[in-house]
Amino acid sequence: MSHHHHHHHDHTTGNIKVAFFLNFTFTIIEIIGGIMTNSMAILSDALHDLGDSLSLGLAWFLQNFSKKGKTKNFSFGYKRFSLLAALINSIVLIVGSVFILTEAIPRLLNPAQPDPGGMIILAILGIIVNGAAVFRLRGGESMNSKVMTWHLLEDVLGWAAVLLVSIIMFFADLPILDPIASIGITIFILYNVVKNLTQTMRLFLEGVPENINYHDIIDKMNQLSNVESTHHTHLWSLDGEHHAFSTHIVVPKDATKDQVCTIKEEVKEIIEPIHLDHITIEIEYEDERCSVKENDDEEGEVQHG
C-alpha cells in the first residue's frame, strides 16, 4: 500500500480576521441604517453583507480549525468542516433572501418613501468598508480567501447600485426604485447561493471533483504494462481543494517487486495533475482474492490483457 501526502500552509487567516471584523461591524450599522432610512435596498444589501460576515467568520474559524491536523476521531483532519460552514451559510442566506423578497414585492404596489440622504451616506460607507476588506484579502492563495474576495467585490457592486438608486431618488420622487433595487440584489444573491449550494452538496456526497475525467484515469491505468485490471477506484474531495484517491490494481501472479514499484510510480504520474492529499494504491496478485466485497457495478474498470 502506498500513502502519500502534501501539506499546505496558509497565511491568510490574519487577513480573513480583519475582513470579518470590518464586515460584521458594518453589517450591524447597515441593519440599523436600513430600518431607520426605511430602505429595502439597504436591508437586502445588509443581508448580503451578513452572509459574507458569516462566511468570513466561519472561514477564519475553520482556517484555524483545519490546521489542527488529524485526530483519532477525524483521521482526515478537519478540512471538511469548511463544507459544513458553506452549507450553513447557504441556508442562512436562502432564508434571509426569501424574507427580503416577501417584504420587497408588496412594496412594488405600494412603495414607501425611503430617506435617500441617509441611503447615500450608508452606500458610500458600504463601498469604503467592502473595498477595504477586498484590499485586505486580495492575492490570498486559499480557495477560502478567493471565494471571499469575490463575495466582497459583489458587495461593492451592490452598494454602487444602492448609491445610484439613492442619488436618483434624492432628485426625483421615485420611491419604487428602492424595492426594485432590493429585488434585483436579492435575486442576484439567491442565484449565487444556489450555485454554491449545489457545488457544496456535490462535495458532501463525495462526487468526483469537477473538471476531472474519472474514466480517463481508469483507462490510462488499465493500459499500463503488467496491469491485469483495476477495480474499486475512488476519487473524492475533502473540501473542494484537497482531494483523495484510492484504487485496487491486479498484477500477474509472478510480478516482481520492481514491477510493482514501477506500476505505483506510473499510477502516480497519471494522477499527478490532480491536487491530491491522499493516495492509496492497493496491489493484488492475480490469484489473490480481493478483500473488499464487490457490491457495486464498477463499469469502465475492465479486464485487460
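Is K268 buried or exposed? K268 is buried, at a relative accessible area of 17% (buried is under 20%, exposed over 50%, partly exposed in between, with a 1.4 Å probe and protein chains only).

1. Ground rules. This is a predicted model, where local features need pLDDT of at least 70 and side-chain atom pairs count only at pLDDT 80 or more, while totals for chains, interfaces and linings use all residues. Residues are numbered from 1 along each chain as its sequence is written, and side-chain values use heavy atoms, with hydrogens and water left out.

2. K268 and its partner. K268 makes a salt bridge with E265, with the closest N and O atoms 3.9 Å apart (a salt bridge is a side-chain nitrogen of Lys or Arg within 4 Å of a carboxyl oxygen of Asp or Glu). The two sit three residues apart in helix α8 (residues 257–271), so about one helical turn separates them. E265 is partly exposed at 46%.

3. The other pair. Searching the whole structure turns up two salt bridges. D216 pairs with K220, and here the closest N and O atoms are 3.3 Å apart. These residues are four apart in helix α7 (residues 214–222), again about one helical turn. D216 is partly exposed at 31%, and K220 is partly exposed at 41%.

4. Helix α3. Residues 81–109 form this 29-residue helix, which reaches 44 Å from first C-alpha to last, close to the 42 Å expected at 1.5 Å a residue (the expected span is 1.5 Å times one less than the number of residues). Its buried residues include L83, N89, I100 and R107.
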